[in-house]
Amino acid sequence: MAEVTVEMRRHSAAHLMARAIMNLFEDVQVDIGPATDEGFYYDFDLPARLSPEDFPKIEAEIARLIALDEPFVRKEVTADEAKKLLAGQKYKLERLADVVADGVAISTYAVGDYVEMCRGPHVEHAKQIGVVKLMRVAGSYYRGDVKNKMLQRVYGIVAKDQAEMDEIVARAEEAKRRDHRK
């Protein structure tokens, strides 16, 4: 088993957050969901406006998915196979067209019934992610272009366990309290 890095945990958590939101809400379109220096985010297009009040139920669904401990399975596919896997996801299909045009191999990761076009890397099993906390939601234009539709970007963080999460949250709250811009 390869060493599990924080980037792998963050990136894998983004996939589970997308899956959780798709499980909980109707008509969800997903775009991208990378790891960041502080955590991860994912962009969504859905009829419901997400707010911090939604976070507890989304976090509970993520925790349920983590507890299933399903494997993250990587598979290289053809463009036609990828189109079938991503059917109904308009943003993903547009991103797929970019990949096909660039001639890059198409890799996917599946965890349970959620399949994502992705380079990885990811954890081997969901329990390796640890604990996930959602932090905020913001607007984000598709492909960063103000002419495109505004999506909802949900940010989150991961920790190995609840004790580490409590420390991370306490540090973030202290940094916010000491912010000189207020």
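**Reading helices, cores and surface**

Analyst: Let's start with helix 1, which has 19 residues and reaches 26 Å from its first C-alpha to its last, close to the 27 Å expected at 1.5 Å a residue. That expected span is 1.5 Å times one less than the number of residues. Helices (H or I, at least four residues) and strands (E, at least two) are DSSP runs, numbered from the N terminus. This is a predicted model, where local features need pLDDT of at least 70, side-chain atom pairs count only at pLDDT 80 or more, and totals for chains, interfaces and linings use all residues. Residues are numbered from 1 along each chain as its sequence is written, and side-chain values use heavy atoms, with hydrogens and water left out.

User: Which residues touch the most other members of the largest nonpolar core?

Analyst: In soluble globular proteins, nonpolar side chains tend to be buried together. A nonpolar core here is a set of buried Ala, Val, Leu, Ile, Met, Phe, Trp, Tyr and Cys residues joined through side-chain atoms within 4.5 Å. The largest one has 33 residues, and Ile21 and Phe44 touch the most other members. Helix 1 gives the most to this core, with eight residues.

User: Is Gly120 buried or exposed?

Analyst: Gly120 counts as buried because its relative accessibility is 16%. You'll find Gly120 in the loop between strand 5 (114-117) and strand 6. Beyond its neighbours within four places in sequence, Gly120 is in contact with His11 and Tyr109.

User: And how exposed is Val146?

Analyst: Val146 counts as exposed because its relative accessibility is 58%. Val146 lies in the loop between strand 6 (131-141) and strand 7 (150-159).

User: Where does Ala97 sit?

Analyst: Look in helix 4 (residues 90-102) for Ala97, which is partly exposed, with a relative accessible area of 45%. Ala97 and Ala79 are 18 residues apart along the chain, with their C-alpha atoms separated by 8.6 Å.

Technical notes
Buried means under 20% relative accessible area, exposed over 50%, partly exposed in between (1.4 Å probe, protein chains only). Contact means heavy atoms within 4.5 Å.
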